[in-house]
Number of protein chains: 2
Amino acid sequence: MRDAYTDSFIESAQARNNIFHDLDDTKHWLKSLQEKTAYKVEQIPLEELDHWYFEENTGNLKHSSGKFFSIVGLDCRPVYDAAPWQQPIISQPEVGILGILSKEFTGVRYFLMQAKMEPGNINKVQISPTLQATYSNYTQAHKGKTPAYLEYFLDANAKVIRSQLQSETGSRFFRKFNRNVLLDVTSEVEVLPGYRWLTLHEIQALMALDNAINMDSRSVLSNVSYSGADPGADAGASEFFRSASCDPGAAHKSQEELRDWLAAMRHKFVIETTQIPLRSEKDWVRDESGIHHAFKNYFTVAGVRVEAAEREVSSWSQPLLKHEGLGLAGFLCADIGGVLHFLVQAKAEPGIVGSVELGPTVPIFDYHARADAVNKIPFLEYFLEPSDAQVLHSSIQSEEGGRFWNLCNHFLVLKLPDYKAIHRPERYEWMTLEQLQRFSQGESMVNSEARTLLSCLQYFH
Amino acid sequence: MRDAYTDSFIESAQARNNIFHDLDDTKHWLKSLQEKTAYKVEQIPLEELDHWYFEENTGNLKHSSGKFFSIVGLDCRPVYDAAPWQQPIISQPEVGILGILSKEFTGVRYFLMQAKMEPGNINKVQISPTLQATYSNYTQAHKGKTPAYLEYFLDANAKVIRSQLQSETGSRFFRKFNRNVLLDVTSEVEVLPGYRWLTLHEIQALMALDNAINMDSRSVLSNVSYSGADPGADAGASEFFRSASCDPGAAHKSQEELRDWLAAMRHKFVIETTQIPLRSEKDWVRDESGIHHAFKNYFTVAGVRVEAAEREVSSWSQPLLKHEGLGLAGFLCADIGGVLHFLVQAKAEPGIVGSVELGPTVPIFDYHARADAVNKIPFLEYFLEPSDAQVLHSSIQSEEGGRFWNLCNHFLVLKLPDYKAIHRPERYEWMTLEQLQRFSQGESMVNSEARTLLSCLQYFH
């Protein structure tokens, strides 16, 4: 005899078969979208960008609507012992929304993710949040379509699981914040073409691939964790979003000691900044290839023309930041008292309003070309030369493809055989993932690269 | 026989007699400084300000150095059910430093405070932090003297007790942050004229007076608390700076529930903002009295000329924001389960990067003139009409006198006989002081008026 419970279970299982997919199928889906997405991105001189212009007095690069973002000059003067510098930086005063809808189906929690094209993506399409919007999208500054699922995030009665402001890459964005929002929905949600419900386990499994899960997804999901011990099991709603708990006695230092240390680092490693006219920047030049440093290969503000069908508007041109080579987000970790600890750096960046956030042990651009920096950048040698460290994770992950052109970082997590062999300068501290995660529950405490580490948390348990 | 210990104790006591003062003496000292401080502040047309000019294309009011602050236009569009508006706002992208040196003398902790003149102070001189500096001070933008005690805050080996970014009045400053720094010093500190070592108990006692402790001092000291139960005792260093602990079972809601509520409010009550040219603002006009609204009496951007001997430079002119009447920072509180709970509002302000911070139950400008708003502003009637509520605290406290002209708020804390009589809209939540204090350990969670409440914490224990 079938009872109502069994009926509902069978119905749910049938529904699941229509809505849900196995991991291999999702990988195949993503790959086929990457292959068949027809659009082209070509570099053009900045002067030829539609609706973008150089402001007369400053030489800053702006959009004619006054919205989106602009490229301005930044004068950077560390108050600690480091040389001052000037650089172009992205100014985008409005707060973006990175939103993910989540829903529980028969006891398993799913996240609605989009396979989304961005012009700077090296592989065109990556798995993105349900909604990546700026308030310009809301108010239709570019007169395109309304972003899909926007209504859920504007709903005054939405059930908010997480809503946090987090910084964006502080070396390239000036005080840019995104609101990372996770909503719980119980109503029926239409799954539009290009969207799929994925479990956290599936999303994290996709992080083992290169450039599959985009920066914004990693950020939103960075402080979501399982309370269950089995990484294969997907937890239900109630236990899902509690912070990870760990035996405080097992950590090398207490959360309070780490907080005091971070406060001290935030006091010490301040970078004083002033926005200046881009045209007055020392050693930065503008020519047909874009805006770049006259002598050093940092990055280029380049113009691109994009033609595509999938976006809100079908073709456009915009500036992107172009970098040479592959970046590194390298983490050292080691067992301390039987618990895995990560060597976290209190990293100062000019675009971070509080100057310092917690980041990887070694974050640098174009790292294969930086062998000359081994004596200047602590711990870089571990990531350049073979050692007795064990590789716990190695993947290539992309920076935000709406602002960066093909910029990828190598996320490399190395486990050292003995933490005591490490001489640790004051800017570095050992902490467990749970401790880092606890910091990430505050706003602007953990930087985007370290949030990526947290987004693939379960692999390190 | 006197041993070394006794000797050192007697020496310390003698030193104390030279360095420390009783509370009445300090009150007298402050009063005499307020009376004898010789300077004058007079209003002048904005066009006559030295080194300030209206930018040609925008009409924004700027300093010729490009530093200090500017007055710009802000277009404010709530995404919730509220009308949009435009207003002038203070733009000051650099992070200020509000720093206090603290030191333990024979088991008692003291804070080095300055009796400092600001042009907008209604009583000229108020008790200020050891250092109120902007980075313009560091780099000598106005070519005056270096601020006193700056070297302690630049010292890379300083012992940092607290270092937090906190917002400034979000209705008048656009995304302004100050670094609130508390340092522990063990070395000898010269006490310059105009400075005194005060205990937290003395500082809090001075808060019972009107306009004695300035806004910046209140902010820095807002999450410093006694762990000791006796409000008369001044605690030593080690136990001083731990967060207040309370029996979690005694609170109406758990910290986690409150955090989730705040996240939901931060998601819902977003004010979308765009900087716009001041001259394009609807309904704001500029005439000989300054920049003001054409029809409503919000505030005026007024020019003032200041002549004084005590500041880094001896005379100057600058804009100040001039408000009519007295503001209100009103808190309702009530016993819930034997513990005092405060009715805190999740308050949206256009200048707060995350839109919402925790604030007073009722924060409004010019409140005696607002009887007509009783039906629109929840709980305002408690502060306008006599009721059976008990007055726990009533004092007048000034807003920052470097930006506001004679702007004072009435800090009024009323205890209701029964919390259940309150109908509570979703933007209001009951929390204990300890819970509010825990939020204040994060950055940009608790607004400046609510931080003032925390700065006189002990009176509510």
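Guide: Welcome! Between chain B and chain A, the count is two salt bridges. You are looking at a predicted model, in which local features need pLDDT of at least 70, side-chain atom pairs count only at pLDDT 80 or more, and totals for chains, interfaces and linings use all residues. Residues are numbered from 1 along each chain as its sequence is written, chains are lettered from A and ligands numbered from 1 in the order in which they are written, and side-chain values use heavy atoms, with hydrogens and water left out.

Visitor: What makes the pair Arg266(B) and Glu443(A) a salt bridge?

Guide: The term asks for a side-chain nitrogen of Lys or Arg within 4 Å of a carboxyl oxygen of Asp or Glu. The closest N and O atoms of Arg266(B) and Glu443(A) are 2.7 Å apart, so the pair qualifies.

Visitor: How many salt bridges are there over all chains?

Guide: Searching the whole structure gives 36. One that involves Arg77(A) joins that residue to Glu272(A), again with the closest N and O atoms 2.7 Å apart. Arg77(A) sits in strand E4 (residues 70–78) and Glu272(A) in strand E14 (residues 271–276), both of chain A, so the pair ties together parts 195 residues apart in sequence. Strands (E, at least two residues) and helices (H or I, at least four) are DSSP runs, numbered from the N terminus.

Visitor: How do you know what area chain B and chain A bury between them?

Guide: Buried area is the accessible area (1.4 Å probe) that two parts lose on being put together, summed over both. For chain B and chain A that comes to about 3400 Å², 50% of it on carbon and sulfur atoms. The contact (heavy atoms within 4.5 Å) takes 35 residues from chain B and 36 from chain A.

Visitor: Why are H10(A) and H11(A) called oblique to each other?

Guide: Under 35 degrees counts as roughly parallel, over 145 as roughly antiparallel, 65 to 115 as roughly perpendicular, and the rest as oblique. The angles run from 0 to 180 degrees between N-to-C directions, with axes fitted to C-alpha atoms over the stretch in contact. The axes of H10 (residues 433–440) and H11 (residues 448–455) of chain A come within 10 Å and cross at roughly 125°, and therefore the two are oblique to each other. H10(A) meets H11(A) through Leu433(A), Leu436(A), Gln437(A) and Ser440(A) on one side and Ala450(A), Leu453(A) and Leu454(A) on the other.

Visitor: What makes H8(B) oblique to H10(B)?

Guide: Helices H8 (residues 255–268) and H10 (residues 433–440) of chain B pack at about 55°, with axes 11 Å apart. That angle makes H8(B) oblique to H10(B).
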